[in-house]
Amino acid sequence: MKTLATAQRILTQLRHDRRTVALMVLMPTFLLVLLRFVFNSEPMFSRAAPALLGIFPFTIMFIVTSITTLRERQTTTLERLMTMPIARLDLLLGYAIAFGLVAILQVVVAASVSWLWLGLEIKGGLGLLTLIAVLDALLGMAMGLFASAFARTEFQAVQFMPAFVMPQVLLCGLFVPRDQMATVLNWISDVLPLSYAVDALTHVTRSSDVDGTLLRNLFIVLACAVVALVLGAVTLRRKTP
Amino acid sequence: MSNFAILVDGLRVVRGGNEVVRGLTFSVPPGFVTGLIGPSGCGKTTLLRSIVGVQIIAAGSVSVTGSVGYSTQNPAVYADLTVRENLRYFAAVLEAPSSDVDRVLSDVDLVPQGDQLVGSLSGGQLARASLAVALLGSPQVLVLDEPTVELDPVLRRDLWQMFHSLAEEGRTVLVSSHVMDEAARCDRLLFMREGLLLADDTPAALRARTGSDDLEQAFLRLAVA
């Protein structure tokens with residue numbers, strides 16, 4: 001009940017801020033359209049698009065969550081909630097549900113436009129692709145929540161985006177296939193969760209098989225999201241210095 | 001029924017290497033309006049945070065009898081929700097009846113602003129919106145950090161009347177203030193300075209003890225004693 005109340009509260013906050021919702025839902029689609037015409041080639045677009053369908057929700061959820069939680073910490077609404085009978089899990093799951101719904105909308109719009117207009121083939125189906133991208137968005141959300149604990153100001157929180165997100169984007173296989181990277185970089189990309197989300201998304205666009213590797217990759221993304229959520233929960237302290 | 005609403009025993013709090021609360025022991029009796037009076041920076045907020053259980057403490061213990069409503073010094077409400085939406089959310093968290101929303105709105109005189117976004121309220125209205133949240137669920141103990149600063153005198157009088165009527169119902173109200181003229185409106189006073197209590201008594205007893213009719217003078221005499 002309190003989880004749903006929290007999710008509803010966050011969605012109501014978003015409803016009062018239509019510009020943010022429009023940016024969250026339409027920006028990835030706009031960027032994909034732009035990219036399609038920058039490449040001016042369907043095969044090149046189809047190679048990059050699956051990775052970007054993972055990277056956009058991941059990045060946007062990271063930023064939105066780290067700023068939102070930082071704001072809760074600073075305006076002392078979090079302190080007030082911590083004096084009330086609400087579990088930290090209620091708060092975290094409330095965030096996950098609210099931002100998860102936004103992520104679904106974001107991914108469905110971006111993937112539909114890519115598929116219907118920009119010529120991206122999704123052999124594994126829109127449903128599976130959306131599922132992976134939403135898991136990826138939840139990963140971004142959980143990491144954003146964790147990162148916000150280390151930011152004292154909104155300036156710092158925004159700077160954490162390049163710090164946490166850009167290395168994963170560079171190493172996820174978008175620019176250079178992971179197996180062609182220098183050994184050390186390949187090892188690093190092996191321990192970064194975004195790599196597995198991008199592998200899974202690429203697989204779903206190229207094949208309709210649900211094989212062991214795909215399931216393993218999905219499991220890794222989900223497990224990393226859960227670990228980041230637990231770490232995020234640890235940073236939401238009831239008592240502070 | 002116990003004979004205290006709040007019991008603080010040997011409380012010490014260290015923040016940023018400084019001891020901000022330096023070994024306090026006192027109790028707050030139920031059914032009174034108790035004022036925590038002291039200059040800005042004397043440790044009032046840290047003490048109140050310890051009482052509501054969000055402050056990491058270095059030593060000692062705090063116990064509170066019954067449910068607590070807490071209002072922070074900075075208005076702890078969501079700027080991008082309306083007053084009513086804020087109250088509905090906090091009521092759900094507290095499992096308070098939904099009828100509480102309208103009750104507390106009229107208690108703090110914000111009915112006309114109920115559907116206004118909190119971000120567009122004036123400073124005084126914002127403080128009252130935050131205070132309204134503390135009244136949800138009719139808590140036994142109200143801990144209010146500077147709830148009446150910046151308010152219009154008429155409204156301030158009304159809020160103090162409300163604090164006293166809550167106390168008459170048997171509830172405990174602990175209000176902090178750095179404004180000395182609010183001290184006279186309390187049933188009991190805790191004078192605080194530099195992390196220590198100077199006094200814990202009724203206004204009348206403090207006037208008698210210090211031989212001063214003015215509570216500000218009483219505070220001064222206790223501070224330099």
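User: What do the side chains of A:Lys2 and B:Glu95 do?
Analyst: This is a predicted model. In it, the side chains of A:Lys2 and B:Glu95 form a salt bridge, at 2.8 Å from N to O.
User: How many salt bridges are there across the interface of chain B and chain A?
Analyst: The rule finds 4. There are also 18 residue pairs in polar contact between chain B and chain A, counting pairs with both residues at pLDDT 80 or more.
User: Which elements of chain B give two or more residues to the side that touches chain A?
Analyst: Those are α1 (44-52), β5 (68-71), α2 (83-94) and α4 (123-135) of chain B. The most comes from α2(B), with 6 residues.
User: And how do the residues on that side of chain B divide into nonpolar, polar and charged?
Analyst: The side of chain B that touches chain A has 17 nonpolar, 7 polar and 5 charged residues.
User: What area is buried between the two chains?
Analyst: About 2400 Å² is buried between chain B and chain A, and carbon and sulfur atoms give 58% of that. On chain B's part, B:Tyr78, B:Tyr89 and B:Val93 supply 24% of what the chain buries against chain A, more than any other three residues.
User: Different topic. Which residues of helix α7 in chain B are buried?
Analyst: In α7 (residues 215-224), B:Leu215, B:Ala218, B:Phe219 and B:Leu222 are buried. Down the axis of α7(B), the buried residues fall within an arc of 100°, so they line one face of the helix.
User: What do they pack against?
Analyst: The buried residues of α7(B) pack against β3 (33-37), β8 (188-193), β9 (196-201) and α6 (203-210) of chain B.

Note on methods: Residues numbered from 1 in each chain as written. Chains lettered and ligands numbered in written order. Predicted model: local features only at pLDDT ≥ 70, side-chain atom pairs only at ≥ 80, totals over all residues. Heavy atoms only, no water. Buried area = accessible area lost by both parts, 1.4 Å probe. Polar contact = N/O pair within 3.5 Å; in protein donor to acceptor, adjacent residues only side chain to side chain. Helix = DSSP H or I, 4+ residues; strand = E, 2+ residues; numbered from the N terminus. Nonpolar A, V, L, I, M, F, W, Y, C, P; charged D, E, K, R; others polar. Buried < 20%, exposed > 50% of the residue type's maximum accessible area, 1.4 Å probe, protein only. Arc of directions from axis to C-beta. Contact = heavy atoms within 4.5 Å.
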